Amino acid sequence: MTFSRLVLRSGSARRAFALRSTRLFSSSTVRKTVGTTLSTAFDGCLPLAAPLQAGFAMNIQTRMMSTTSDAKDTPVNSEGAESASTEAEASEEDVPSIKNQSKEKPAEETETKSFQTSGEKLSGETETHQFQAETQELLHIVSRAIYTDKEVFIRELISNASDASEQARFLATTEKLQSSDRPLEIRIYTDSKKNTITIQDFGIGMTKDQLKSHLGTIARSGSKRFLKEFHENKDITSGDDRTSAIIGQFGVGFYSSFMVSDKVEVFSQSARPGHGAHYWKSGPNASFELGNAEGVKRGTKIVINLFDDAKEFSDSASVERIIKRYSSFVPFPIFLNDKKINVFGALWAQPAKSISEEKYAEFYKHLTNAYDTPMDRMHFTSDVPISIQALFFIPEYHTEKYGMSRMDPGVAVYSRKVLIKAKAKEILPDWLRFVKGVVDSEDLPLHISREQLQDSQLIKKINKALVRRLVSHFSTTAKKEKEKYAKFYKEYNTFLKEGVCTDIENKDVIAKLLRFESSKTDAGKYRSFDDYIADSDGKQKNIYYLVSSKRQLAESSPYFEAFKRKNTEVLFMYSPIDEIVMQNLSKYSTRKLVSIEGTDINVEDTDEIDWHDEKKKKFKHVLSSADCEDLCEWMEKILPDRLKSVKSTTRLDESPCIIVDHESASVRGFMKLVNQDNQMNMDVQKQKLEINPNHPTIRGLLYTMNDDEPLAMRVAEQLVDHALIAAGLLDDPRMMLNRMNDLLAIAMDVEGIESEMDEAKLKAAKGGSKATKGEAKATKGEA
């Protein structure tokens with residue numbers, strides 16, 4: 001049986017093989033030879049998983065060293081050897097995943113396995129060092145109070161491994177390092193049986209002094225020290241930015257492992273020649289051990305013995321989820337139990353010209369767990385005033401329109417490709433929550449745990465810069481790709497309007513993105529405020545708008561009559577939020593935003609006297625000013641609870657009257673939703689009424705007022721209800737049904753018709769009676 005096949009067998013077989021090995025190789029010389037042979041054999045055995053290799057190699061060598069004397073007294077027989085061999089061939093329960101992986105692994109992944117390490121062990125005695133009293137206290141704070149989630153220890157250790165690899169890659173350009181051909185990758189292994197997780201890199205490694213300094217003193221960051229030495233080195237070009245990938249800052253990341261363990265072992269071999277391998281361990285007490293090690297390859301290997309309540313971190317699926325959440329874009333390959341995890345690179349850090357549309361779409365789906373294709377994207381890099389790399393996507397649709405819950409912020413914040421916050425509400429204002437993507441900045445002010453952002457002023461600068469970039473991108477799209485922007489606006493216009501109402505600082509630039517239908521365009525065609533201004537008369541001082549439920553109602557509105565007659569453009573708005581948007585804006589550029597439902601509407605370039613003269617020519621009977629005053633005073637007198645004031649107007653053409661200076665129907669609708677339990681305060685208040693003195697109904701009302709005041713009162717009240725309906729203020733029109741029926745009866749002169757019918761019936765009845773008597777007489781005569 002080959003050596004590699006035997007390694008794949010069960011734990012019992014390994015133990016049997018180890019026992020036989022101790023009998024055969026008892027001398028120190030042979031043990032040394034076997035140790036070297038095992039190390040070489042493991043490097044060549046490609047299908048093996050590292051935990052099995054490490055455990056098996058150490059098991060054999062340890063047993064050979066510790067049980068030599070016992071082996072002399074223990075008989076070896078062929079039956080025992082045959083039993084062990086049989087058990088080895090029959091049982092493969094310990095390694096089912098390895099058997100399958102060996103058939104399906106890609107070629108490039110298989111090649112990197114030859115660099116796995118195994119067989120690391122302590123060599124000689126260790127020396128014990130005590131943490132200083134303040135360091136002990138810091139250790140307790142770091143492991144118990146700084147981090148909110150235990151799982152971030154994996155992120156921190158991967159970040160440290162990435163830093164070590166980055167340092168090795170950088171120094172390889174200026175120095176000769178050990179094993180310079182070794183791939184820079186990060187290997188992670190979980191062992192649910194031993195309840196351990198191992199994280200290994202092949203980077204710069206640490207010397208004995210560095211282990212003592214960096215791991216023995218909290219807040220002593222090796223990465224930070226490396227950056228300092230780099231910047232102080234005059235031989236290196238000052239413009240070199242290769243160190244921007246260094247992640248570590250505070251030197252506390254390693255100690256996050258003590259949230260889940262009280263025993264952490266470290267094997268490290270410096271990449272710089274002339275240094276041996278070393279071992280570091282800290283247990284449950286306030287001390288750490290330091291000693292020499294054997295079988296350690298370049299880099300650092302950290303073995304974490306997990307607490308019982310942290311067993312989830314020895315589970316492969318749980319660890320894979322954590323890696324994908326926090327460290328999926330680390331610039332070095334990450335392998336979990338020999339499976340490559342970070343299959344996507346940090347696309348936002350790559351030049352936009354080098355990325356295909358397919359790659360963008362694939363990255364978007366990976367980032368958002370979505371299935372749609374984004375309708376738009378924005379990829380940019382900025383160095384002034386803050387270093388920012390950002391990649392934003394606009395999804396094809398949003399979910400809030402389907403009545404689902406309010407969306408969470410869609411942008412994740414990274415620092416040097418490591419996730420800091422998945423749904424960062426600080427980085428973009430809430431109205432941009434539909435934007436998905438990534439923001440990465442090495443200038444981000446981070447909390448020591450790297451879980452929160454600090455320095456609110458700097459975050460505000462980043463926020464401001466990103467908003468302006470996005471608004472500028474939308475504006476450019478609106479100018480150059482109108483169809484694309486129309487599709488975007490149809491889907492996301494409510495968010496832009498929300499931005500006008502909530503983002504005071506940016507509302508003016510957001511207003512440039514708004515689009516509305518107009519009285520001068522066909523249905524479905526939209527115009528901006530700038531379009532309105534460009535096409536209007538230079539004398540016009542206002543931008544006029546009308547909020548209605550649909551276009552047909554807007555065009556037939558009595559408020560639109562004067563504007564239609566003078567061919568003055570009015571923007572038609574159909575959403576309840578539009579009225580609130582206009583009130584929040586109040587003006588655009590130098591022009592006021594004016595609702596045509598207001599009181600003091602004077603359509604520019606309208607000569608009221610000339611218009612009044614035209615009406616005199618059209619109608620035979622036009623009310624005089626005195627008649628109008630009498631009628632207005634009478635209406636105020638008979639409807640004191642409904643009317644605040646009544647006056648005549650020249651702005652109407654086809655309608656008898658309108659309500660002016662009233663609360664918006666849209667605003668009223670919102671207030672009703674807020675005050676559902678207090679409907680008493682939502683009754684229609686007294687209104688201002690304007691009448692058209694040239695309308696037949698108003699002229700007829702004046703005459704009826706003198707001849708039949710009860711009828712005139714009912715007509716006047718009905719006119720007020722009609723005006724309220726036109727303004728969208730009458731909540732329940734059923735209240736006027738009885739009055740309307742009475743007026744219909746009067747209009748048809750039902751009483752007169754009935755009296756005429758009664759007379760006809762009476763005449764018919766009398767005529768029928770005479771005929772009956774005559775018939776009776778004739779019958780008598782015949783008899």
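Reader: Where is the place of Ser328?

Author: Helices (H or I, at least four residues) and strands (E, at least two) are DSSP runs, numbered from the N terminus. Ser328 is in the loop between α13 (316-326) and β8 (334-336). This is a predicted model, in which local features need pLDDT of at least 70 and side-chain atom pairs count only at pLDDT 80 or more, while totals for chains, interfaces and linings use all residues. Residues are numbered from 1 along each chain as its sequence is written, and side-chain values use heavy atoms, with hydrogens and water left out.

Reader: Is Ser328 buried or exposed?

Author: Buried means under 20% relative accessible area, exposed over 50%, and partly exposed in between (1.4 Å probe, protein chains only). Ser328 has 2% relative accessibility and therefore counts as buried. In the protein chain, buried residues make up 48% of the 783 residues.

Reader: With which residues is Ser328 in contact, leaving aside neighbours within four places in sequence?

Author: Contact means heavy atoms within 4.5 Å. For Ser328 the partners are Ile323, Asn342, Phe344 and His366.

Reader: At what angle do helix α23 and helix α25 pack?

Author: Axes are lines fitted to C-alpha atoms, for helices over the stretch in contact, and angles run from 0 to 180 degrees between N-to-C directions. Under 35 degrees counts as roughly parallel, over 145 as roughly antiparallel, 65 to 115 as roughly perpendicular and the rest as oblique. Helix α23 (residues 625-638) and helix α25 (residues 696-707) pack at about 70 degrees, with axes 11 Å apart. The two helices, α23 and α25, are therefore roughly perpendicular to each other. Asp627, Leu631, Trp634 and Met635 of α23 make the contact with Ile698, Leu701, Leu702 and Met705 of α25.

Reader: How many disulfides does the count come to?

Author: A disulfide is a pair of cysteine sulfur atoms within 2.5 Å. By this rule the count is zero. Cys632 is in no disulfide, and its nearest cysteine sulfur, that of Cys628, is 6.3 Å away. Cys632 counts as buried at 7% relative accessibility. Cys501 is buried too, with a relative accessible area of 19%.

Reader: What is the mean pLDDT of the protein chain?

Author: pLDDT is the predictor's confidence in each residue, from 0 to 100. The chain has a mean of 75, and 67% of its residues reach 70 or more. Over residues 219-228 the pLDDT is below 50, and this stretch has 27 contacts in the model beyond near neighbours in sequence. Residues 234-250 also stay under 50, with 44 contacts beyond four places in sequence.
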